[in-house]
Amino acid sequence: MRLLVVEDEPKTADYLRKGLRECGYVVDVVSDGHSGLHWALESDYDLLVLDLMLPGLDGREVLRRLRERRATPVLLLTARDSVQDRVQGLELGADDYLVKPFAFAELVARIRSLLRRGPPRQAEVIEVGELRMNVPARVLTRGGERVHLSAREFTLLELLMRRQGEVLSRGQIASLVWDMNFDSDTNVVDVAVRRLRQRIGDPVPGRWIHTVRGMGYVCELREPEA
């Protein structure tokens, strides 16, 4: 399990890193809100431990922006212990709330409880314009007509459609679709995207899958330029 700890107090951050790693978790630690939001959106974590009082971008804003894009479980860890603070944190989308100072055993118990709930249920049917994907049935249709894809092509398109509007780097795509580290000398992702576009009849410059120069690819409905 991969955890991201966003905590600006060095002693607390080091304490959490060491303790959670001893419990068997893979732990990354960042010390400000902007970095926390970036790491949470760019990597796939099983859970975030998030302080509220952070430099740059406070924890509430990190949580608000995260919830616009991801449903990753979030445990708020903060010295703010008023009922209003707790209610506001939960209403913004936090899954649990623990007040400092805390017992490490309770923190671990709460983390395990959140992780036992499993990942958030994902949509079984995803739509982007005329594209409609029934994930459990492994069926893709375009305007009601079935489009046949290979298993890898289906996985690639599912990733792009689920993360609609989000620019995914070639490295992210390679990791999530092929379970491999991206080598800048290989064009496996570009070739796969080009073939996928051909399969679904996506015109150039594109209606559904778009190249973001120097960054990667994004799936969103756009009308091709005349």
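Two residues are in contact when heavy atoms of theirs lie within 4.5 Å, and among the contacts in the protein chain with a separation of 6 or more, 54% come from residues 24 or more positions apart. The structure is a predicted model, in which local features need pLDDT of at least 70 and side-chain atom pairs count only at pLDDT 80 or more, while totals for chains, interfaces and linings use all residues. Residues are numbered from 1 along each chain as its sequence is written, and side-chain values use heavy atoms, with hydrogens and water left out.

**The chain as a whole**

- The protein chain has eight helices and twelve strands, where helices (H or I, at least four residues) and strands (E, at least two) are DSSP runs numbered from the N terminus.
- Along its principal axes, the C-alpha trace of the protein chain spans about 60 × 40 × 35 Å.
- Of the 226 residues of the protein chain, 43% count as buried, a term that stands for under 20% relative accessible area, with exposed meaning over 50% and partly exposed in between (1.4 Å probe, protein chains only).

- An open sheet of four strands has the order β6-β7-β8-β9 with antiparallel pairing, and two strands are said to pair if DSSP finds at least two bridges between them.
- The edge strands of this sheet are β6 (125–128) and β9 (145–147), each of which pairs on one side only.
- Neighbouring strands of this sheet are turned by 25 degrees against each other on average, direction ignored; the axes behind such angles are lines fitted to C-alpha atoms, for helices over the stretch in contact, and the angles run from 0 to 180 degrees between N-to-C directions.
- Strand β7 (residues 131–134) pairs with β6 over four bridges in the antiparallel sense, and in this pair V125 stands opposite N134 of β7.
- Helix α6 (residues 151–162) lies across β6, β7 and β8 (139–142), and runs at about 110 degrees to β7.

**The hairpin of β11 and β12**

- Strands β11 (residues 209–212) and β12 (residues 216–219) run antiparallel and are joined by four bridges, with T211 standing opposite Y217 in β12.
- Three residues lie between the strands of this hairpin, in which G214 takes a positive phi near 75 degrees.

- T78 is found in strand β4 (residues 74–78), and T78 counts as buried because its relative accessibility is 0%.
- Not counting residues up to four places away in sequence, T78 touches D51, L52, M53, Y97, L98, V99 and K100.
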